[in-house]
Amino acid sequence: MKVKAGDFVLIVCENPALGWYDTAAPGLIKTALEESGCRVSTILVGAPDDTLPADYEDQLAAHDTIVFLARIGDQDRFADKLPGKNVAMLYVRNQKSLKSAYAATNHDAMVAMKTSVDAVARASDRASISCPLGTRLEGRVEMEDVVDGEVSVKRFPLCVPQPVLTRSISGQVALKRWLTPTGSRSYSPASVRIDGVVMAHVDRGRIVGFEGDRHSVKTIEDHYFKVADQFDLDKDAIHSWHAGIHPACFYEGNIDDDPDRWSNNIFGNPRFLHFHTCGSSPPGEICWMVLDPTIAFDGKALWRDGCLQPQNFEQTAAVVKARPELSTLLAEHPLPVGLSQ
């Protein structure tokens, strides 16, 4: 956050009773900030669709730096809601993750890794995506031009590269288990179950149909109509995709207990690629989670079966060589990702 002594810092904490964040992590962060000479306040909020505290806006205005340990920090993250503020969204949910390699790996090293993955994509002409369930996509690589980053807040841990646009991508995506939200807006139901495997057919970045279990296909189609109608979105648009770059990202629960919480915690693990769908502007509202993807740029894999392959590209190999902590990170043993099978 580049804070200095004397800065006013506000920690926005989500009510731990909601099951997303604990009380220990915010307390440890508050202590560390105070030891750095910062003046720290905290405010408790509820779920993203709950009523905010009466003094919430005043608290935001009164502080230089704002740290969100709350889902509302992820809402409309592509809009500059707090211009001139130093803002961070934390995906560290509890003390265990804060003290794990997920949070303890040097942040500048993760920035370097992200930047190198972005460079590989930008230098490529074509990308292809596949997975064991039958995902097969290919198309031209297109990315937004960005100056100060693709989102308006700092993210910690940094665990995904810049999204790749899908407007030139065609093929099919295998959908299994659940459709989940992207975390940008709140709606209900947040997730819908998929029985078996449903194939989503894609033509130049647009959904042209679903194929599979009849009940699941209808459930998916109804969900898209409802979410698109609620927010006036292009329901067939697929905005972009990216895959995780942080092997220490883990999830100890079970996807079926809370698919929304699962998806918005595990998205940074390299075993998952996710698509932002239902909306032509970032990030889209419905997420497709693809397990163990193989992603190749110009025929060379940067992810293979859900494992990063930085040695295959000059840009990523150079970063790993220069940052020994990344070699340690990439050697992490498989961690739980919330799936029983």
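1. Let's start with the S5–S6 hairpin. Five residues sit between the two strands, and Gly 134 in this hairpin takes a positive phi near 120°. Strand S5 covers residues 126-130 and pairs with strand S6 (residues 136-140) in the antiparallel sense, over 5 bridges. Within that pairing, Ser 128 stands opposite Glu 138 in S6. Helices (H or I, at least four residues) and strands (E, at least two) are DSSP runs numbered from the N terminus, and two strands pair if DSSP finds at least two bridges between them.

2. Before going on, a word on what you're looking at. This is a predicted model, where local features need pLDDT of at least 70, side-chain atom pairs count only at pLDDT 80 or more, and totals for chains, interfaces and linings use all residues. Residues are numbered from 1 along each chain as its sequence is written, and side-chain values use heavy atoms, with hydrogens and water left out.

3. Back to S5, which has another partner: strand S15 (residues 294-297), antiparallel over 4 bridges. Here Ala 127 has Phe 297 as its bridge partner. Buried means under 20% relative accessible area, exposed over 50%, and partly exposed in between (1.4 Å probe, protein chains only).

4. How many disulfides does the structure hold? The count is 0, with a disulfide taken as a pair of cysteine sulfur atoms within 2.5 Å. Cys 38 has its closest cysteine sulfur in Cys 13, but that is 15 Å away, so too far for a bond. For Cys 278 the closest is in Cys 287, at 12 Å, again too far. Both Cys 38, at 6% relative accessibility, and Cys 278, at 0%, count as buried.

5. Most residues other than glycine have a negative phi, and most peptide bonds are trans. The bond from Ser 188 to Pro 189 is cis, with omega near 0°, and Pro 189 is in the loop between strands S9 (169-181) and S10 (192-203). Pro 282 and Pro 283 are also joined by a cis peptide bond, with omega about -5°; look for Pro 283 in the loop between strands S13 (272-277) and S14 (286-291).

6. Two non-glycine residues with positive phi are worth a click. Arg 204 is at about 50°, in the loop between S10 and strand S11 (206-211), and is exposed at 57% relative accessibility. Asp 232 is at about 55°, in the loop between helix H6 (214-231) and strand S12 (238-243), and is exposed at 73%.

7. On to the rings: there are 6 aromatic pairs. Rings of Phe, Tyr and Trp (its six-membered ring) pair if their centres lie within 6.5 Å; planes under 30 degrees apart count as stacked, over 60 as edge-to-face and the rest as tilted. One of the pairs is Tyr 187 with Phe 231, edge-to-face at 6.2 Å centre to centre and 65° between the planes. This pair links distant parts of the chain, 44 residues apart: Tyr 187 is in the S9–S10 loop and Phe 231 in helix H6. Phe 210 and Tyr 224 form a tilted pair, 5.8 Å centre to centre with 40° between the planes, and both are buried.
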